[in-house]
Amino acid sequence: MKPSEELEAIAKQQGCCVEDLKFAQHMDSIDPIRPLRQDFHYPKMKDVKNTDLSIVNGEEDCVYFCGNSLGLCPKKTKEYMDIEIDKWSKIGVQGHTNGDLAWAHCDERIDKDMAKIVGGKEGEVAVMNGLTVNLHLLLISFYQPTKERHKILCEGKAFPSDHYAFESQIKLHGYDPATSLRLLEPREGEFTLRTEDIVKTIEEEGESIAVICLSGLQYYTGQYFDIPTITQAGQKQGCYVGWDLAHAAGNLPLYLHDWGVDFACWCSYKYLCGSAGTLAGFFLHDKYRNNNFPKLLGWWGHNMDTRFQMDNVMDLSPGAYGYRISNPPGFLCVPIKASLEVYNKTSMTELRTKSKLLTGYLEMLIKKQYGREETNNASTTGVYIDIFTPSDPEQRGAQLSLSFSICIQTVFKELEKRGVVCDKRYPRVIRVSPVPIYCSFQDVHRFMKYLYDSIQAAKDSTLKNDLYIPKGEDQL
Ligand SMILES: *Cc1c(COP(=O)(O)O)cnc(C)c1O
């Protein structure tokens, strides 16, 4: 059953319609993971910037729909951080080997829980560096271009950091991005990539492709790619296939080992709530446990047993651990530990079940009120919203990318006044992400009210000209 049908059925049972507050309250009351919101600091209206406290209650929670950019702070973070600061204060260097998060092993205290999030087996996952750094380290191993096989295949609108990583790796090997970076573009008039088209490109050009590296979930469109199908198609052509899972990790269940993915990396600060710029995830499939790929080495890749003999003879750890370079920062492991403890109270499948309903709920309310088809071109506000994230729940995660028929400049300011925290891209796109681990159905309901009020306020505003999208800037 589609989420919208399931929601309509529940509403009918309750004798109300999905637009009613009562319905949102009911959905929250039957949500088995509702209590997890209490494990996070959910920002208040009065604290987030640009809120107008003459129109909203400062003591109320804001509407935090930006967890795809930065996850909220787990409450345990402060307590655990204090423990580490105390330890440093009291015992200095002995902190390396003492305490639950003994610094010399702090990454190893969290990487098993991290492996669960992405479906990695023991030894396949490490937690280290930043995301783009890990992408570079993996490309150094997997991208070994030859005259025949020199391309990297990626999305045309890949996240900039990934695009730059690909370009610079290509140049590092003396190749030209103009001919070696192969960009996938959607069909004319479409916004997302079709799996069949990606597979076709791989079949046609596979022999010249060294590495395929897409994002698991596209940061801008919210499209979730068919990872197993694309991975298989690439490997069949002799390509290595890796994934940037920045927007997928902690968003939906992943089975990297079972899918046979060659490599993957992701950050821990979006859905995973590990704090801004914190340590990132690194996955290397077991089949490469004892590889001879080129790689950059440091002392932390050395086997623990012999690491401190300091004899300068490398005894490399197998698997992902062999890619560790520097000693890990204990303080950056703290919020990840706090967050993964909350994730351990549930499972990615349970989160996904809620997420499909929560995002499906948001989608159906937007369509009912602002959809061109659903309103027969007669939206009460005169404003239309097209959702360019796939409507198939299997092809998306928590995020919806909204394209407004008007310029959103004033609408966005009005949303901010009402404590809605989300992401904008002028002239017309807003991305919203009701993250299932701490967002509620009532958040979606409140968002819809604030959205309506913001659109009305924008239309009443003296800055009406702001509503028009300048010619030539009409693209998404
Ligand atoms: C968020 C994000 C990044 C950010 O990279 P950092 O190295 O963490 O700054 C890179 N790639 C993708 C696809 C992202 O979504």
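Ala104 sits in the loop that runs between helix α3 (76-91) and helix α4; helices here are DSSP runs of H or I with at least four residues, strands are runs of E with at least two, and both are numbered from the N terminus. The model is a predicted one, in which local features need pLDDT of at least 70 and side-chain atom pairs count only at pLDDT 80 or more, while totals for chains, interfaces and linings use all residues. Residues are numbered from 1 along each chain as its sequence is written, and side-chain values use heavy atoms, with hydrogens and water left out.

Ala104 counts as buried because its relative accessibility is 8%; buried means under 20% relative accessible area, exposed means over 50%, and partly exposed lies in between, with a 1.4 Å probe and protein chains only. Met364 is 260 residues from Ala104 along the chain, and the C-alpha atoms of the two are separated by 49 Å.

For the chain as a whole, there are 15 helices and 15 strands. The C-alpha trace spans about 75 × 60 × 45 Å along its principal axes. A compact globule of 476 residues would have a radius of gyration near 23 Å, and the value of 24 Å for this chain agrees with that. The radius is taken over C-alpha atoms, and the globule rule is 2.2 Å times the number of residues to the power 0.38. Of the 476 residues, 57% are buried.

Two buried aspartates can be followed next. Asp111 belongs to helix α4 (residues 106-118) and counts as buried because its relative accessibility is 2%. Its side chain makes a polar contact with the side chain of Tyr321, at 2.7 Å. A polar contact is a pair of N or O atoms within 3.5 Å; within protein, one must be able to donate a hydrogen and the other to accept it, and residues adjacent in sequence count only if both atoms are side-chain atoms. Asp443 is part of helix α15 (residues 441-460), and at 1% relative accessibility Asp443 also counts as buried. The side chain of Asp443 is in polar contact with that of Arg37, at 2.7 Å.

Asp244 has a polar side-chain atom 3.2 Å from a nitrogen atom of the ligand. An N or O atom in the side chain of His247 is 3.3 Å from an oxygen atom of the ligand, and a polar side-chain atom of Lys270 is 2.5 Å from an oxygen atom of the ligand. The ligand taken alone exposes 390 Å², and the protein buries 83% of that; these areas come from the Shrake-Rupley method with a 1.4 Å probe.

Zero disulfides are found in a search of the whole structure, a disulfide being a pair of cysteine sulfur atoms within 2.5 Å. Cys17 is in no disulfide, and the nearest cysteine sulfur, that of Cys16, is 6.6 Å away. Cys17 has 38% relative accessibility and so counts as partly exposed. Cys73, at 38% relative accessibility, counts as partly exposed.
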